[in-house]
Amino acid sequence: KSMSVIFRTVERPSDPRVENSPKKYFPQLVTLGQSAYGEKRILEAGEMTRYYIATMEVFGEEGRKKVERHKKLRQGKGFITIESPKDVGRVEKTGNNKLAVLLECVSNLTANEMFGSSFGTELEPGRRTEALAEKICADIVKIDEAADFFAVITNEVGSDGEMYEKETLEYIRLLGLVNCRLAKMASEVVEVVYGIPVMKKGAEV
């Protein structure tokens, strides 16, 4: 079994639901480089049943174009697509076939869980952030337990040094908590820089 966390550093958060929005919400995430590398790793893992878990909620024409671009890239590669903006820990292994899973992406999943669900809303914001991190990671662990090879796409969004509105800072904190826990669990962590994979943890690329 292997779990690979693949990430890219994103520096300009904006609201994906609003065209030309100011930098004050969660990121419009571009994961094309990570996606291509993640798919490559899945294909290299050998003959398996391949699941692609899509977490993006589509907002506007730009979002639709991004989804179509990713679908075209996956054509002919044998992926079964599961649309799951939240609560991703529902993948089950059936039969004796080996299972490879590509989860894309944790950044959108985190935003959906934080801004689009009622989970933990009875808690004060800081405690809710910690509870959400536990919940998101527990869901991802369920996938890891079912999969023989698991590639997780995410982004690092907290390194631009700017200040944002309180809810955005809590999102950045939440994603940081989730990413740190995933990196600790993973057998390898890879940063994709301009399409080039740079190994941060694990064997040589």
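**Exercise 1.** Decide whether Tyr-171 is buried or exposed in this predicted model.

*Solution.* Start with the relative accessibility of Tyr-171, which is 1%. Buried means under 20%, so Tyr-171 counts as buried.

**Exercise 2.** Find the ring that pairs with Tyr-171, and classify the pair.

*Solution.* First, the partner is Phe-115, with 6.2 Å from centre to centre. Next, look at the planes: they are 35° apart, and the pair is tilted. Now place the two residues: Phe-115 belongs to helix 3 and Tyr-171 to helix 5 (residues 166-185), 56 residues apart, so the pair links distant parts of the chain. Finally, check Phe-115 itself: its relative accessibility is 26%, so Phe-115 counts as partly exposed.

**Exercise 3.** Work out how helix 3 and helix 4 are arranged, and which residues meet.

*Solution.* Begin with the geometry: helix 3 (residues 106-115) packs against helix 4 (residues 125-146) at an angle of about 130°, and their axes are 11 Å apart. Therefore helix 3 is oblique to helix 4. Their crossing is right-handed. Then list the contacts: from helix 3 come Val-106, Leu-109, Thr-110, Glu-113 and Met-114, and these meet residues of helix 4, including Leu-132, Ile-136 and Ile-140. Sorted by type, the residues of this contact are 6 nonpolar, 2 polar and 4 charged.

**Exercise 4.** State how many aromatic pairs the model has, and describe the one with Tyr-52.

*Solution.* The count is 2 aromatic pairs. Tyr-52 pairs edge-to-face with Phe-79, at 6.4 Å between centres and 80° between planes. Tyr-52 lies in strand 2 (residues 49-54) and Phe-79 in strand 3 (residues 79-83). As for burial, Tyr-52 is buried at 4% relative accessibility, and Phe-79 is buried at 14%.

Key: Residues numbered from 1 in each chain as written. Predicted model: local features only at pLDDT ≥ 70, side-chain atom pairs only at ≥ 80, totals over all residues. Heavy atoms only, no water. Axes fitted to C-alpha atoms, helices over the stretch in contact; angles between N-to-C directions. Helix = DSSP H or I, 4+ residues; strand = E, 2+ residues; numbered from the N terminus. Parallel < 35°, antiparallel > 145°, perpendicular 65-115°, else oblique. Left-handed = near helix turned anticlockwise from the far one by under 90°. Contact = heavy atoms within 4.5 Å. Nonpolar A, V, L, I, M, F, W, Y, C, P; charged D, E, K, R; others polar. Phe/Tyr/Trp six-rings, centres within 6.5 Å; stacked < 30°, edge-to-face > 60°. Buried < 20%, exposed > 50% of the residue type's maximum accessible area, 1.4 Å probe, protein only.
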